[in-house]
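Dear colleague,

Please find below the structure I am handing over to you, with its sequence.

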Amino acid sequence: MKILGISAHYHDAAAALIVDGLPVAAVQEERLSRRKNDAAFPMNAIEWCLEKGGLEPEQLDAVVFYERPMLKFDRILTCALRAFPHSWRSFPHAMKNTLAEKLWVRGIISSQLGVSRQKILFTEHHRSHAAASFLTAPVREAAILTADGVGEWASLTVGRGTRGPDGTAINLLREIRFPHSLGMLYSTFTAYLGFPVNEGEYKVMGLASYGRPTFADAVRKLVPRTQDGAFRLDLDYFDFHTTAKRSFSKKFVDIFGPPRDPFDPIDLETPDGRRFADCAASVQLVLEDILVDAARSLQRETGLTDLCLGGGVALNGVANHRLLQESGFERIFVPPAPGDAGCALGAALYADRIHFGNPDRDFPDHPFWGPAVEEGALAKLAREDRLPAQGFDDPELIERVALDLAVGRIVGWMDGALELGPRALGHRSILAAPHSAEMRDRLNRDIKHREEFRPFAPVVPIEDAERYFELPPGGKRLARFMSGVFPVRPEWRERLAAITHVDGTARVQTVDAGMAPRLYALLKAYGRVSGIPILLNTSFNLAGEPIVNRCVEGYLTFRRSGIDVLVAGQTRVTKRGMEIAA
Ligand SMILES: [Fe+2]
């Protein structure tokens with residue numbers, strides 16, 4: 001059975017193709033259209049998935065959209081009516097967006113792809129999140145917790161999943177509904193702190209480490225707990241449900257002070273800078289507390305040892321670490337794409353296993369479902385540009401790149417198929433030595449052009465991880481897709497200064513030879529040269545651009561930035577003036 005999953009029209013549009021129960025292709029639209037967080041109907045992604053599968057649209061058995069447009073419309077309409085007359089300005093805007101695109105999704109899919117309307121199915125948004133997490137995890141039975149800004153109505157769900165020879169089931173037991181939402185709470189602070197919503201949440205988490213949670217009690221006032229252990233938002237402090245213009249109210253500003261102007265740098269030496277860091281630390285703490293409580297009661301209720309997390313909130317690696325330590329679950333699974341992009345895959349899997357009742361299949365445990373590096377393309381580009389390029393067999397290439405890294409060169413590393421999800425997990429990465437603060441500053445200044453408080457992540461072979469990082473039981477699993485933030489062991493912090501955050505932590509990725517054999521070999525080679533088998537791993541892109549996909553994008557990024565060496569497949573290119581041998 002051939003099933004195409006689609007997510008679109010909010011942020012992070014994507015497509016995924018499942019054939020006979022197994023993934024064939026999955027890619028975010030932004031990686032092909034080259035527009036960051038592209039939310040448009042993902043025609044490029046769909047065409048690429050079909051091409052990869054060797055299929056024409058009419059050969060598809062089903063096309064599944066990741067949410068129910070009518071339910072979403074119902075939510076927008078209801079909220080606008082409740083907020084009237086306050087909402088009268090935002091309502092036509094919401095109507096236009098919804099009616100033009102979201103509501104007529106069946107018509108758009110049918111006409112754009114030429115598939116019959118009967119083949120087009122819809123899942124619920126949080127069922128897509130749940131499926132993207134549970135049906136890709138190597139577990140037969142698990143509790144499930146999903147949390148994001150909002151889907152149709154739900155913003156948080158808890159449930160359980162089972163799969164095996166007797167069939168697959170995902171039962172969502174309870175939900176919290178919009179406008180009450182942990183994602184909206186965090187996004188409101190993201191906007192208040194002057195960062196772009198849906199992109200800047202990482203920055204809030206990074207900034208939180210610089211502050212103290214002095215406003216935690218104030219944040220708790222915004223999100224009072226209910227008697228059944230859940231929560232609600234006190235809407236007096238918010239405006240996101242009534243207007244598209246501003247997410248926080250005057251009452252919010254009365255408590256926390258004037259919002260940050262996005263164009264003002266954050267200076268932690270000033271009272272305002274410290275206030276913003278304290279606000280970030282406070283909302284982070286309250287978010288963690290609520291998630292831990294929700295997960296703990298779910299653990300008690302289900303008695304299960306494994307938890308699958310989904311939704312954009314699952315990208316919060318600091319919260320995930322606390323969940324692992326305090327919720328009672330032994331292992332936590334976060335897929336590489338827990339946000340809406342991953343819902344394309346989740347929706348397709350949900351339709352396959354549950355709607356059609358097809359047999360259970362183990363999902364390959366890696367994130368590499370996008371276009372592969374084209375062999376020969378880099379050598380051709382470099383030749384045309386008169387830059388030195390050389391091809392090597394793998395052992396020699398890996399030794400040379402390890403030496404490049406050891407002498408302080410920054411390496412653009414392109415290998416195999418593109419990752420699905422927001423993180424570079426070793427196939428489209430910028431790699432560098434992790435030892436000095438100078439390297440971190442050089443990367444921030446010459447390549448990533450971003451705030452100094454944002455940390456870089458380390459990657460380490462799985463068997464070496466515990467030597468350098470304090471991983472609780474289950475930590476290695478959470479680190480597989482870089483989903484947890486863990487302490488760097490104190491004795492190593494000085495020698496790992498480029499990847500150690502101000503609070504002594506790091507967003508570790510553990511890698512084994514099965515998942516990314518060439519990166520694994522490179523880490524081992526670097527360990528032989530430097531004594532420490534760890535590299536700094538950051539996504540291969542410049543600020544404001546999507547992660548590179550094809551060689552030409554990698555090459556242009558290399559040429560426009562402070563990257564010293566570019567590797568694609570078995571070709572290594574260096575900048576002019578740099579000797580070809582390391
Ligand atoms: Fe979502």
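Some terms come first: a residue is called buried under 20% relative accessible area, exposed over 50%, and partly exposed in between, with a 1.4 Å probe and protein chains only. Helices (H or I, at least four residues) and strands (E, at least two) are DSSP runs, numbered from the N terminus. The model is predicted: local features need pLDDT of at least 70 and side-chain atom pairs count only at pLDDT 80 or more, while totals for chains, interfaces and linings use all residues. Residues are numbered from 1 along each chain as its sequence is written, and side-chain values use heavy atoms, with hydrogens and water left out.

Strand β15

On one side of β15 point Arg428, Ile430 and Ala432, on the other Ser429 and Leu431, and all are buried. In a regular strand, side chains alternate between the two faces of the sheet. Because five of the five residues of β15 (residues 428-432) are buried, the strand is largely enclosed by the rest of the structure. Strands are taken to pair if DSSP finds at least two bridges between them. Strand β13 (residues 411-414) pairs with β15 in the antiparallel sense over four bridges, and Val411 stands opposite Leu431. Strand β20 (residues 535-539) is likewise antiparallel to β15 and joined to it by four bridges; there, Thr538 is opposite Ile430.

The iron site

Which residues coordinate the iron ion? They are His125 (NE2), His129 (NE2), Asp148 (OD) and Asp340 (OD), at 2.1 to 2.2 Å. Donors are N, O and S atoms within 2.8 Å of the metal (3.2 Å for Na, K and Ca); water is not among the atoms, so sites may look incomplete. The angles between the four donor atoms run from 89 to 172°, which makes the arrangement irregular. For four donors, tetrahedral requires all angles between 85 and 135 degrees; four count as square planar and six as octahedral if opposite donors are over 155 degrees apart and all others between 65 and 115, and anything else is irregular. Along the chain the donors follow the spacing H-x3-H-x18-D-x191-D. His125 and His129 both belong to helix α6 (residues 125-134), four residues apart, about one turn of the helix. His125 is buried at a relative accessible area of 0%, and His129 is buried at 0%.

Ser7 is in strand β1 (residues 2-7) and is buried, with a relative accessible area of 0%. Leaving aside neighbours within four places in sequence, the contacts of Ser7 (heavy atoms within 4.5 Å) include Asp12, Pro42, Tyr66 and Cys343.

Strand β4 (residues 62-65) runs parallel to β5, joined by three bridges, and Val63 has Ile120 as its bridge partner in β5.

Another open sheet, also of mixed pairing, places five strands in the order β8-β7-β6-β9-β10. Here β8 (167-177) and β10 (331-333) stand at the edges with a single partner strand each, so one side of each lacks a neighbour in the sheet. Strands β6 (residues 141-147) and β9 (residues 306-310) pair in the parallel sense over four bridges, and Leu145 stands opposite Leu309.

Yours sincerely
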